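The following paragraphs lead the reader through selected parts of a protein model. Please keep the sequence and the structure in view while reading.

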Amino acid sequence: MDSLITAAARALAAGDPLGALKRVALREDAPALALRGIAMAQLGDLPRAKALVRRAARAFGQREAMARARCIVAEAEIALAARDLSWPVKALDSAHATLEAHDDPINAAHARLLTLRRLLLLGRLDEAERALKDLDPKPLQPALRATYELVAAGIAMRRLNTKAARTALASAEQATRRAHIPALTAEVESATRLLNAPAARLIADGEERPLLLDDVEALFASKACVVDACRHAVRSGDIIVSLATRPVLFALVRALAQAWPADVSRDALVAQAFRAKEADESHRARLRVEIGRLRRLLKPLADINATASGFKLQTRRHLKVVVLARPVEETHAAVLAFLADGESWSSSALALALGVSQRNVQRALDALAATDKVQFFGRGRARRWLTPPVPGFTTTLLLPAPLPGD
């Protein structure tokens, strides 16, 4: 490797893409193409970066397996930055195996961390956590150690383990000081701000107040009966009743919880659950059926008693009932939660992360765009959607993850 390539590689490692381009911008050999691709990625031109890295992989040829594997890892990182979650993971696994076989532990660890970050975005926390435990952070370079700690913090935040999240972010901050990479420092600072921002609203006794993630964790550890409007579940201690696939039942239990300890009239419940302006006999009959279903599901936690005007929620052991609501009420909050990371997403990547059809995501994006809550650039398959984060709010509770205790 000549001196210009070496100098360009060092510039990239120090987070200086312009310094790297000054040395290799006019060269067309495989190492120069790879370095130019990485530099363009650091500058934010992801399509150009992807094309350059692919050209470099082809130029290296089959005999230079380790160099090709490094290019594949670089392309995977570009795909992750572009939120291309459908990028072939098997290619990254193969590159990881090649790098380990050729005794390149640094790039092998980088490949594994890219896999972990993808799993985190998809909400596959169990897989990410198992893989993270198999990776020893001690020999990692500062930049990779910071990424490792960011993944650990992301998992802890999704699981509402704020103490572990703060410990991981503190370690990530120390690593970024040694790495001296501005982009990485900004990522750690952003994660720290999210951890310290309001994550939800507590509705109880007719009043509302914002909650941090620490407060949410403490609430779940308390003896209160929590109607969780972020995850559509009802829980108390280790008992969790998920109503994620039962929107009518959840609407009913939320209405009952917000009025607790008072009752809710039948007309109000019909309007809340069925969106009917006036309740007729058919609505009242359906309400009785749905209340019966909800009563059976909530049996371990609470009773639903009929009153003269409607229904009332009565918890076991006379526990207090509270509602945990999203910081901002929005029909398409889950879509906004992903877009709030400041990156540009395709509708197909959002569909993959949310576990829903791409058409449903497209409808949600169109509805959000009509109210100027999201914007897009590009056409056809190249179209990307983005929005700035909601100031002062974290979106952790809106992202896909199992509830603690699941």
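In strand 8, the residue that stands as bridge partner of Val264 is Phe311. The model is a predicted one, in which local features need pLDDT of at least 70 and side-chain atom pairs count only at pLDDT 80 or more, while totals for chains, interfaces and linings use all residues. Residues are numbered from 1 along each chain as its sequence is written, and side-chain values use heavy atoms, with hydrogens and water left out.

Helices (H or I, at least four residues) and strands (E, at least two) are DSSP runs, numbered from the N terminus. Strands of a sheet pair through backbone hydrogen bonds, either parallel or antiparallel. Here two strands are said to pair if DSSP finds at least two bridges between them. Strand 6 and strand 8 (residues 310–315) run antiparallel and are joined by two bridges. They belong to an open sheet of three strands, in the order 6-8-7, with antiparallel pairing. Strand 6 (264–265) and strand 7 (302–306) are the edge strands, each pairing on one side only.

Which residues of helix 14 are buried? A residue is buried at under 20% relative accessible area, exposed at over 50%, and partly exposed in between (1.4 Å probe, protein chains only). In helix 14 (residues 266–274), Leu269, Val270, Ala273 and Phe274 are buried. Seen down the axis of helix 14, these buried residues fall within an arc of 100°, so they line one face of the helix; the arc is that of the directions from the helix axis to the C-beta atoms. They pack against helix 13 (247–259), strand 6, helix 15 (281–297) and strand 8. After helix 14 comes Arg275, which has a positive phi near 55°.

Strand 8 also contains Thr315. This residue counts as buried because its relative accessibility is 5%. Its side chain reaches the backbone oxygen of Leu319 at 2.7 Å. Leaving aside residues up to four places away in sequence, Thr315 touches Cys225, Leu301, Ala302 and Val321, where contact means heavy atoms within 4.5 Å.

Attention now turns to strand 1. In a regular strand the side chains alternate between the two faces of the sheet. From strand 1, Ala200, Leu202 and Ala204 point one way and Arg201 and Ile203 the other way, and all are buried. Strand 1 (residues 200–204) is joined by five bridges to strand 2 (residues 207–211), and the two run antiparallel. In this hairpin two residues lie between the strands, and Asp205 takes a positive phi near 55°. Strand 1 also pairs with strand 9 (residues 321–325), in the antiparallel sense, over three bridges. Ile203 stands opposite Glu208 in strand 2 and opposite Val323 in strand 9.

The last topic is the aromatic rings. Rings of Phe, Tyr and Trp (its six-membered ring) pair if their centres lie within 6.5 Å; planes under 30 degrees apart count as stacked, over 60 as edge-to-face and the rest as tilted. By this rule there is one aromatic pair. Phe376 and Trp385 form this tilted pair, with 5.0 Å centre to centre and 50° between the planes. Phe376 is partly exposed, at 41% relative accessibility, whereas Trp385 is buried, at 2%. Arg383 lies over the face of Phe376, at 3.8 Å from the ring centre. A charge sits over a ring if NZ of Lys or CZ of Arg is within 6 Å of the ring centre and within 35 degrees of the ring normal. Arg235 likewise lies over the face of Phe220, at 4.5 Å from the ring centre.

Terms used
A polar contact is a pair of N or O atoms within 3.5 Å; within protein, one must be able to donate a hydrogen and the other to accept it, and residues adjacent in sequence count only if both atoms are side-chain atoms.
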